[in-house]
Amino acid sequence: MRLQHALVPEARMMSERSVEEWVHDKKRWVFKPVDGSGSRGVYRGDKVSAAKLHSLDPTTTLVQRLCPPGISPDDGTKYDLRE
């Protein structure tokens with residue numbers, strides 16, 4: 001199942017690919033528990049180890065495309081837009 005909207009980064013369930021494929025391509029993704037709260041249990045692919053990815057449950061882990069924050073042209077501060 002792929003979730004996509006103009007303002008929402010591409011998202012899919014970890015179970016759609018093998019763990020080895022995610023390990024190979026992890027730097028472009030963020031790994032999140034589907035039943036998480038706040039940022040608990042969230043791992044940025046560029047910071048997470050292959051061992052940690054192997055320990056995640058693919059049936060309950062959402063994988064979302066990493067989106068860097070926007071940068072204000074006025075003063076260079078970072079921002080993001082969320083609901």
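A salt bridge here is a side-chain nitrogen of Lys or Arg within 4 Å of a carboxyl oxygen of Asp or Glu. Everything below comes from a predicted model, where local features need pLDDT of at least 70, side-chain atom pairs count only at pLDDT 80 or more, and totals for chains, interfaces and linings use all residues. Residues are numbered from 1 along each chain as its sequence is written, and side-chain values use heavy atoms, with hydrogens and water left out.

**View 1. Glu10 and its two arginines.**
Searching the whole structure turns up five salt bridges, and two of them land on Glu10. Arg12 pairs with Glu10 at 2.6 Å between the closest N and O atoms, while for Arg65 and Glu10 that gap is 2.7 Å. Arg65 sits in strand E5 (residues 61–65) and Glu10 in strand E2 (residues 8–13), so this pair ties together parts that are 55 residues apart in sequence. Strands (E, at least two residues) and helices (H or I, at least four) are DSSP runs, numbered from the N terminus. As for exposure, buried means under 20% relative accessible area, exposed over 50%, and partly exposed in between, using a 1.4 Å probe and protein chains only. Glu10 is buried at 14%, and Arg12 is buried too. Arg65, at 24%, is partly exposed.

**View 2. Asp46 with Arg44.**
Here's another salt bridge: the closest N and O atoms of Asp46 and Arg44 are 2.6 Å apart. Both ends are partly exposed, with Asp46 at 34% relative accessibility and Arg44 at 40%.

**View 3. Lys26, a lysine with no bridge.**
Lys26 is in the loop between H1 and E3. This lysine is buried but has no salt bridge, and the nearest side chain of opposite charge, Asp46, is 8.4 Å away. For that search, Lys and Arg count as positive and Asp and Glu as negative, while His and the chain ends are not counted. Contact means heavy atoms within 4.5 Å. Setting aside residues up to four places away in sequence, Lys26 touches Phe31, Gly45, Asp46, Val48, Ser49, Ala50 and Leu53.

**View 4. The largest nonpolar core.**
A nonpolar core is a set of buried Ala, Val, Leu, Ile, Met, Phe, Trp, Tyr and Cys residues joined through side-chain atoms within 4.5 Å. The largest one has ten residues: Met14, Val19, Trp22, Val23, Trp29, Phe31, Val48, Leu53, Leu56 and Val63. Helix H1 (19–24) and strand E3 (29–33) each put in at least two residues, and H1 gives the largest share, three. Zooming in on Val23, its contacts beyond four places in sequence are Ala50, Leu53 and His54.

**View 5. Tyr79 and what it touches.**
Tyr79 belongs to strand E7 (residues 78–79) and is partly exposed, with a relative accessible area of 42%. Leaving out neighbours within four places in sequence, Tyr79 contacts Pro69, Gly70, Ile71 and Ser72. Pro69 is ten residues from Tyr79 along the chain, and their C-alpha atoms are 5.5 Å apart.

**View 6. Cys67 in its loop.**
Look for Cys67 in the loop between E5 and strand E6 (70–71). Its relative accessibility is 47%, so Cys67 counts as partly exposed. Cys67 and Glu10 are 57 residues apart in sequence, with 9.6 Å from C-alpha to C-alpha.
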